[in-house]
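Here is a short report for a first look. It covers aromatic rings and strands.

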Amino acid sequence: MTAAMTLKPGRKVSLLLVTLLVIAAVFLGTALTRRGAGYDPALLPEMAASPVTLSTGAKLYVQKYEVSVAEWNICHDQGACTLRLRNRSDQDAHVTPATGLSYVDVGEYLDWINDATGANFRLPTVGEWTEMAASVLPEKADPIFTDPSLTWASTYLTEGLTPRALKPRGSFSTSPEGIADLDGSVWEWTQECFSGASGDSDPARCPAFYVGGEHVAAMSYLIRDPARGGCAVGSPPAHLGMRLVTEKAVGEL
């Protein structure tokens with residue numbers, strides 16, 4: 001009689017239980033590795049009601065509002081974001097956009113939110129930002145300069161349309177897809193490098209990136225306050241913030 005046949009029923013049940021526990025532990029470990037040990041789906045942001053259908057036919061899922069001060073400070077409190085934000089006593093951190101952010105700061109937040117939620121959020125490209133904001137930005141006369149790197153020069157004819165005061169989320173227009181405040185006073189970082197005369201668009205060596213707002217501008221990746229010489233392009237953005245996008249619906253992440 002073989003050893004397996006001589007095992008008592010109780011011992012067989014114990015071995016089966018141990019096997020199931022090992023399998024469960026493997027799956028749990030895989031999930032934690034993929035999502036990060038601090039996985040918390042409650043940190044997923046509110047997304048717009050509908051995705052943006054781009055000119056390519058692809059769908060882009062966009063955060064309804066810009067990242068708020070309260071959302072940002074969770075990243076700081078968990079040790080992932082260096083910068084801690086403060087807001088005035090008359091402002092609610094949950095509805096006040098997070099501003100004063102450099103491209104480096106934004107990178108820290110992206111790393112954290114993706115690790116904490118298992119998602120694959122990123123910044124939009126300039127083209128994506130322009131398409132998702134087209135329905136709410138005011139129509140303007142054709143610019144004198146059509147080269148994107150010279151957009152700033154044309155803004156001298158059209159600038160000053162947007163109030164520069166920082167207002168609560170939801171204070172400006174909402175796009176048909178349900179994206180709020182694209183025409184507000186916060187310029188949003190994109191992932192697209194401003195290569196300038198060098199022509200080198202490698203993000204790892206990029207000295208400046210485009211931000212989207214009333215007009216597209218190029219900002220040094222280290223600048224948090226565009227009013228202090230950070231913008232080398234005409235009228236500077238009022239505030240620098242961020243909005244998350246992803247190619248997958250949040251429920252499918």
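Which residues form one aromatic cluster? Trp-72, Tyr-109 and Trp-112 do.

## Basis

This is a predicted model: local features need pLDDT of at least 70, side-chain atom pairs count only at pLDDT 80 or more, and totals for chains, interfaces and linings use all residues. Residues are numbered from 1 along each chain as its sequence is written, and side-chain values use heavy atoms, leaving out hydrogens and water.

## Aromatic pairs

The whole structure holds 5 aromatic pairs. Rings of Phe, Tyr and Trp (its six-membered ring) pair if their centres lie within 6.5 Å; planes under 30 degrees apart count as stacked, over 60 as edge-to-face and the rest as tilted.

Trp-72 and Tyr-109 are stacked, 5.2 Å centre to centre with 10° between the planes. They sit 37 residues apart, Trp-72 in helix α3 and Tyr-109 in helix α4. Helices (H or I, at least four residues) and strands (E, at least two) are DSSP runs, numbered from the N terminus. Both Trp-72 and Tyr-109 are buried (under 20% relative accessible area; exposed is over 50%, partly exposed in between, with a 1.4 Å probe and protein chains only).

Tyr-103 and Phe-209 are also stacked, at 3.6 Å centre to centre and 5° between the planes. This pair links helix α4 to strand β4 across 106 residues. Phe-209 is buried, with a relative accessible area of 1%.

## Strands

Strand β4 (residues 208–212) pairs with β5 (residues 217–220) in the antiparallel sense over 4 bridges. Two strands pair if DSSP finds at least two bridges between them. A hairpin of 4 residues joins β4 to β5. Tyr-210 stands opposite Ala-218 in β5.
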